Amino acid sequence: MPSYDLVCQSCGHKFSIFCTISQKDQQSCPICGGDQIKQRFTTVNVMGSSGDKGSQGAPNSAPRGFG
Ligand SMILES: [Zn+2]
C-alpha cells in the first residue's frame, strides 16, 4: 500500500497517509477537518530496493527535425 504526503490547504497541516490511490482523494485534514487536501511532491527515494534484473536499454531515438 503506497503512502502519500498530503498538506491541508486550509491550515497548512502536513501529514502522511497509507491508503489506496482512490482513498487518497477522500482524505480530510485531521486537524481542521478541511477537505482541501493537496498532495505534496517530495523527493522520493526510488533506489534502495534489491537488485533488479531489468536492462535499461532505452532506444536512442533522436527527434526528427521540425519541419
Ligand atoms: Zn487543516
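I began at the hairpin of S1 and S2: five residues lie between the strands, and Gly12 there takes a positive phi near 80°. I was reading a predicted model, in which local features need pLDDT of at least 70, side-chain atom pairs count only at pLDDT 80 or more, and totals for chains, interfaces and linings use all residues. I numbered residues from 1 along each chain as its sequence is written.

**Elements.** I took helices (H or I, at least four residues) and strands (E, at least two) as DSSP runs, numbered from the N terminus. I found one helix and three strands in the protein. Along the sequence I read the pattern β-β-α-β.

**Pairing.** I called two strands paired if DSSP finds at least two bridges between them. I noted for background that strands of a sheet pair through backbone hydrogen bonds, either parallel or antiparallel. I then looked up S1 (residues 3-8) and S2 (residues 14-18): they run antiparallel and are joined by five bridges. Ser3 stands opposite Phe18 of S2. Next I checked S1 against S3 (residues 37-39), which gave three bridges, again in the antiparallel sense.

Which residues are the bridge partners of Leu6? In S2 I found Phe15. In S3 I found Gln39.

**Sheet.** I put the three strands together as an open sheet, in the order S2-S1-S3, with antiparallel pairing.

**Burial and contacts.** I counted a residue as buried if 20 or more other C-beta atoms, placed from the backbone, lie within 10 Å of its own. Of the 67 residues in the protein, 3% are buried. In S2 the number buried is zero of five residues, so this strand lies largely in the open. I took residues as in contact if their C-beta atoms, placed from the backbone, lie within 7 Å. Of the contacts with a separation of 6 or more, 38% come from residues 24 or more positions apart.

How values were computed
A residue is buried if 20 or more other C-beta atoms lie within 10 Å of its own, exposed if 12 or fewer, and partly exposed in between; C-beta atoms are placed from the backbone. Two residues are in contact if their C-beta atoms, placed from the backbone, lie within 7 Å.
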